Number of protein chains: 2
Amino acid sequence: MDTKKLGRQTVRLTSPPSIAGFGSAVGKKEGQGPLGRCFDFASQDDSFAEKSWEKAETAMQKQALSYALDKAGISSDQLDYVFAGDLLNQCIATSYSLRAQNAPFFGLYGACSTMAEGMSLAAMLVDGGFASYAAALTSSHFCSAERQYRNPLEYGGQKPPTAQWTTTGSGAVILSRKGTGPFITHVTTGKVVDKGITDANNMGAAMAPAAYATLHAHFEETGRSPDFYDLIVTGDLGSLGKEIVTDFFQRDGIDLRGRYDDCGVLLFDPTTQDVHAGGSGCGCSAVVLTGHLLREMRRGTYRNLLFCGTGALHSPTATMQGESIPGICHAVAITTEKGGAS
Amino acid sequence: MDTKKLGRQTVRLTSPPSIAGFGSAVGKKEGQGPLGRCFDFASQDDSFAEKSWEKAETAMQKQALSYALDKAGISSDQLDYVFAGDLLNQCIATSYSLRAQNAPFFGLYGACSTMAEGMSLAAMLVDGGFASYAAALTSSHFCSAERQYRNPLEYGGQKPPTAQWTTTGSGAVILSRKGTGPFITHVTTGKVVDKGITDANNMGAAMAPAAYATLHAHFEETGRSPDFYDLIVTGDLGSLGKEIVTDFFQRDGIDLRGRYDDCGVLLFDPTTQDVHAGGSGCGCSAVVLTGHLLREMRRGTYRNLLFCGTGALHSPTATMQGESIPGICHAVAITTEKGGAS
């Protein structure tokens with residue numbers, strides 16, 4: 001039994017689950033970005049025909065899950081487990097979207113690392129024989145997040161250049177015991193890392209040390225070097241956090257350039273879209289994965305991908321009490337090759 | 001592999017994990033209740049020597065985990081995974097308590113079902129060979145919850161008789177691949193159930209249908225009848241929710257009386273402690289389990305226990321938008337008998 005455990009943070013899945021379906025739904029701005037044409041649905045109106053931003057977020061989740069189920073060729077009645085969460089207080093976008101599904105549900109809170117967290121747990125339950133199908137689902141919405149974390153939209157608050165733009169989007173992934181891949185082969189689970197950043201407008205810097213720690217553990221425990229991967233992607237550190245991670249590895253004598261990117265950087269075009277340091281929010285890495293990366297894997301662009309969800313586990317209450325921002329990063333190794341677990 | 005799955009919601013663990021340690025820390029009122037002498041630590045002061053209620057909650061979590069680790073005879077360095085969450089926005093009591101632990105961490109949001117949710121996932125990862133030791137940890141604090149969900153304490157708001165009292169307390173459980181029990185044999189995972197209750201001061205009624213649904217699934221899928229268990233305990237429906245669940249089963253011709261109770265009812269004395277319909281909060285079922293029930297199992301009072309965590313997945317924002325309260329219930333079967341999985 002112990003052979004699954006490669007080290008303190010990493011497990012190797014003995015029967016790598018297959019990604020049977022994935023779906024994405026995004027808002028207007030995301031649809032206008034460089035990945036705009038990849039998403040299953042890009043709305044012309046961030047309300048998603050609902051009366052509140054929170055309900056709009058719920059509607060997006062239902063859409064993303066529905067696309068993923070459709071591509072997997074199953075109904076939600078066949079899901080053994082759904083792992084889901086979001087950024088809203090008490091994760092209500094999720095609770096209300098799951099109300100519509102007839103599926104056993106585990107609620108998560110991992111901030112922007114939620115997609116990777118959900119995929120980690122779903123992959124282990126499928127590999128462990130507890131599930132034939134398990135889903136990971138998450139979302140964020142610029143308008144619901146702004147009024148909860150920062151200021152009401154009407155206030156028109158200004159942001160510093162280090163700030164990131166909360167993605168309006170939802171992504172869903174369905175894992176299956178059988179299938180043709182891509183396959184999840186390894187799960188590296190993060191610890192809470194807090195290096196003392198207190199500026200909630202600089203979350204890239206707050207999360208970068210957690211990303212570095214998890215990547216470092218992954219390479220050490222798997223024995224893989226970064227060049228094993230065609231792409232290592234964090235989400236969502238933004239341009240500043242990406243630079244910090246690159247710097248950290250450079251100090252170790254490891255050059256990540258050319259094979260490392262960040263979902264917050266990929267989602268928007270900094271020259272035409274005013275998003276400061278890049279995208280953020282649970283939806284960011286979720287839609288870049290489900291809209292862009294997994295499609296490219298199926299097309300053969302990438303064979304081996306290391307998907308690293310990063311989360312800032314702070315809250316406005318903690319920030320007001322002067323606390324620093326704890327970060328976390330969960331990594332999932334994905335391959336198109338059957339037998340890639342070796 | 002499929003033999004683990006007994007039905008849509010229930011899995012049977014093939015190598016039932018052992019509960020190696022459990023710890024509890026509570027506030028003053030909980031320490032004065034009928035179970036007061038069972039807890040590892042009962043504070044004389046709900047501040048736990050911290051400057052804010054949120055930090056007090058973090059301090060309680062650290063204490064509860066520390067007692068549990070101590071009894072399991074391990075350090076947090078030996079934990080393969082910690083599953084934890086709480087009621088605070090962005091689960092900050094948890095993120096800040098985990099900052100002090102050197103352990104891979106999965107953040108949960110399951111409202112008052114968090115202890116059962118964490119034990120379910122921890123048990124599956126241990127049984128599946130992904131972990132030697134895994135912890136489940138949660139907490140709630142009356143003062144941090146009141147100001148977040150209802151009114152600031154200073155406002156002195158009145159509550160209706162259906163309202164429950166948020167427990168100040170934290171509980172932790174350590175599961176191990178080896179040990180002398182009690183053992184977790186079955187996990188029944190809940191679906192979101194919403195019967196349209198909109199009164200946030202009547203959460204027992206909002207959660208009772210979810211408890212009924214999960215219990216019903218558990219009995220059907222395991223083939224066990226309620227009298228298999230010496231005690232079936234929900235947490236935390238309070239006196240009103242307990243009555244509703246009892247009524248629901250009575251309509252099915254099943255008499256639960258004598259073997260069914262609720263953690264919200266057990267924790268306080270309604271004649272001398274003014275808690276209206278009983279205790280609530282993630283901490284409620286967590287401290288009743290870790291302070292009272294598991295001790296009684298070790299003493300031989302109960303051989304078979306069905307522990308059912310119930311959560312109300314609402315938020316003040318959703319309530320203000322007129323939404324009803326979704327409920328969920330996760331059940332974990334615990335036995336003192338080695339080989340109890342049969």
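This is a predicted model: local features need pLDDT of at least 70, side-chain atom pairs count only at pLDDT 80 or more; totals for chains, interfaces and linings use all residues.
**View 1. The loop around Pro182(B) sits between strand 8 (169-176) and strand 9 (183-188) of chain B.** A cis peptide bond links Gly181(B) to Pro182(B), with omega at about 0°. Chain A has a cis bond too, joining Gly181(A) and Pro182(A), again with omega of about 0°. There, Pro182(A) lies in the loop between strand 8 and strand 9 (183-188) of chain A. Worth a look, because most peptide bonds are trans.

**View 2. Gln90(A) shows a positive phi of about 55°, though it is not a glycine.** Look for Gln90(A) in the loop that runs between strand 4 (81-86) and helix 3 (92-98) of chain A. For context, most residues other than glycine have a negative phi.

**View 3. The contact between the chains draws on 67 residues from chain B and 68 residues from chain A.** Together the two chains bury about 5,600 Å², and 55% of that is on carbon and sulfur atoms. On the chain B side, Arg8(B), Gln90(B) and Phe130(B) supply 14% of the area buried against chain A, more than any other three residues.

**View 4. Eight salt bridges turn up across the interface of chain B and chain A.** One pair to zoom in on is Glu323(A) with Lys55(B), a salt bridge whose closest N and O atoms are 3.7 Å apart. Between the two chains there are also 36 residue pairs in polar contact. Several elements of chain B each put at least two residues into the side that touches chain A, among them helix 2 (53-72), helix 3 (92-98), strand 5 (105-107) and strand 14 (327-335). Helix 4 of chain B gives the most, with seven residues. By class, that side of chain B comes to 29 nonpolar, 22 polar and 16 charged residues.

**View 5. Within chain A, the domain assignment gives domain 1 (2-176) and domain 2 (183-335).** Their centres, taken over C-alpha atoms, are 16 Å apart. In this pairing, 64 residues of domain 1 of chain A are in contact with 63 residues of domain 2 of chain A. The two domains bury about 5,000 Å² between them, 62% of it on carbon and sulfur atoms. In domain 1 of chain A, the residues that lose the most area to domain 2 are Gln9(A), Cys112(A) and Gln164(A), together 16% of what that side buries.

**View 6. One salt bridge is counted between domain 1 and domain 2 of chain A.** Elements giving two or more residues to the domain 1 side include strand 1 (10-12), strand 2 (18-26), helix 1 (28-31) and strand 6 (133-140) of chain A. That side splits into 31 nonpolar, 23 polar and 10 charged residues.

Methods
Residues are numbered from 1 along each chain as its sequence is written. Chains are lettered from A and ligands numbered from 1 in the order in which they are written. Side-chain values use heavy atoms; hydrogens and water are left out. Contact means heavy atoms within 4.5 Å. Buried area is the accessible area (1.4 Å probe) that two parts lose on being put together, summed over both. A salt bridge is a side-chain nitrogen of Lys or Arg within 4 Å of a carboxyl oxygen of Asp or Glu. A polar contact is a pair of N or O atoms within 3.5 Å; within protein, one must be able to donate a hydrogen and the other to accept it, and residues adjacent in sequence count only if both atoms are side-chain atoms. Helices (H or I, at least four residues) and strands (E, at least two) are DSSP runs, numbered from the N terminus. Ala, Val, Leu, Ile, Met, Phe, Trp, Tyr, Cys and Pro count as nonpolar, Asp, Glu, Lys and Arg as charged, and the others, Gly among them, as polar. Domain bounds come from an automatic or database domain assignment.
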